[in-house]
Amino acid sequence: MHKGIYIALSGATLKQAQMDITANNLANANTAGFKRDKISFQEYLVSAMNGRTETPDGRAMSFYGSVQTDFQPGSIVHTGNPLDVAIDGSGMLSLENGQYTRRGDLRLDSEGYLVNQRGIKVLGSGGPIRITDTGRIEISNAGEVSVINAENNSVIDTLKVVEFMDPSVLKKAGEDAYTAAQAGTEAKASIQQGYLEKSNVDVVKEMVQMITALREYETYQKAIQSFDDSIGRVLSDMPKI
């Protein structure tokens, strides 16, 4: 097989991966707290890949560099729902299963526990937060959860919000949660009740990247077809010489 086919194929494979990542970003553009992914590429000279030290001939193969998550915050919108919370600053809500999330559209389960949209309990400083009293739920900027009624207005617990100095330790666990190999530290972020952080996906930019990647993918396809056609012509014409 012509060496050029391998080179063009490596580029086409990476463009396919880039389109998959961009498609996932677009699919989650409306997922609260979602953070977009981005891919980086690396190129290696063919001679270096083969361990040769002669002067490079310019041919390069493309490989994955890495897939990284962009942790830039999304815009914060007002919802008015008392169980919606947005984190103003760095930090993530802690969940019972050891995961962390920026998604703040919380709810109460049948037992009165504060849970996320997947039913996982949200942690406070004393463990899972359970609200059994009836009344108006208030969450202060410090994350203190209270129920206000005629008989009681005491703090039930405080949302456990942690941050990670090195975001690279966070690994995605689904669309809206992360795991970490090390424990986070207490964050100094402010909690906004009745607000929700949207995804940080810019739909227009993602669409432009998708179109660009698709055109580059088609270019690689044409290059592969061209190499294949040239090989076919050589094989068909050689017996005539």
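A salt bridge, as the term is used here, is a side-chain nitrogen of Lys or Arg within 4 Å of a carboxyl oxygen of Asp or Glu. By that rule the side chains of Arg36 and Glu206 meet in a salt bridge, with 2.7 Å from N to O. Arg36 lies in the loop between α1 (3–27) and β1 (37–45) while Glu206 belongs to helix α3 (residues 203–237), so the pair ties together parts that are 170 residues apart in sequence. Both Arg36 and Glu206 are buried, where buried means under 20% relative accessible area, exposed means over 50%, and partly exposed is in between (1.4 Å probe, protein chains only).

The structure is a predicted model, in which local features need pLDDT of at least 70 and side-chain atom pairs count only at pLDDT 80 or more, whereas totals for chains, interfaces and linings use all residues. Residues are numbered from 1 along each chain as its sequence is written, and side-chain values use heavy atoms, with hydrogens and water left out.

**The chain as a whole**

The chain has three helices and 19 strands; helices (H or I, at least four residues) and strands (E, at least two) are DSSP runs, numbered from the N terminus. Of its 241 residues, 37% count as buried. The chain exposes about 13600 Å², of which carbon and sulfur atoms supply 51%, with areas taken from the Shrake-Rupley method with a 1.4 Å probe. Where contact means heavy atoms within 4.5 Å, 60% of the contacts between residues at least 6 apart in sequence join residues at least 24 apart.

**Salt bridges**

The structure holds ten salt bridges, and the table gives three of them.

| Pair | N to O distance |
|---|---|
| Arg36 and Glu206 | 2.7 Å |
| Asp105 and Arg103 | 2.9 Å |
| Arg136 and Glu138 | 2.7 Å |

Both Asp105 and Arg103 are buried. In the pair of Arg136 and Glu138, by contrast, Arg136 is partly exposed at a relative accessible area of 48%, and Glu138 is partly exposed at 33%. Elsewhere, salt bridges that share partners join Arg103, Asp105, Arg118 and Asp176 into one network.

**A three-stranded sheet**

Three strands form an open sheet in the order β11-β12-β13, with antiparallel pairing; two strands pair if DSSP finds at least two bridges between them. Its edge strands are β11 (136–139) and β13 (155–158), each of which pairs on one side only. Strand β11 is joined by four bridges to the antiparallel strand β12 (residues 144–148), and the bridge partner of Glu138 in β12 is Ser146.

Glu197 lies in strand β19 (residues 195–197) and, because its relative accessibility is 1%, counts as buried. Its side chain makes a polar contact with the side chain of Arg102 at 2.8 Å, and the side chain of Glu197 also reaches the backbone nitrogen of Gly74 at 2.9 Å. A polar contact is a pair of N or O atoms within 3.5 Å; within protein, one must be able to donate a hydrogen and the other to accept it, and residues adjacent in sequence count only if both atoms are side-chain atoms. Leaving aside neighbours within four places in sequence, the residues in contact with Glu197 include Lys35, Pro73 and Ile76.

Pro73 sits in the loop between β2 (60–69) and β3 (76–78), and with 54% relative accessibility Pro73 counts as exposed. Beyond its neighbours within four places in sequence, Pro73 is in contact with Lys35, Arg102, Glu197 and Asn200. The C-alpha atoms of Pro73 and Lys35 are separated by 7.9 Å, although the two are 38 residues apart along the chain.
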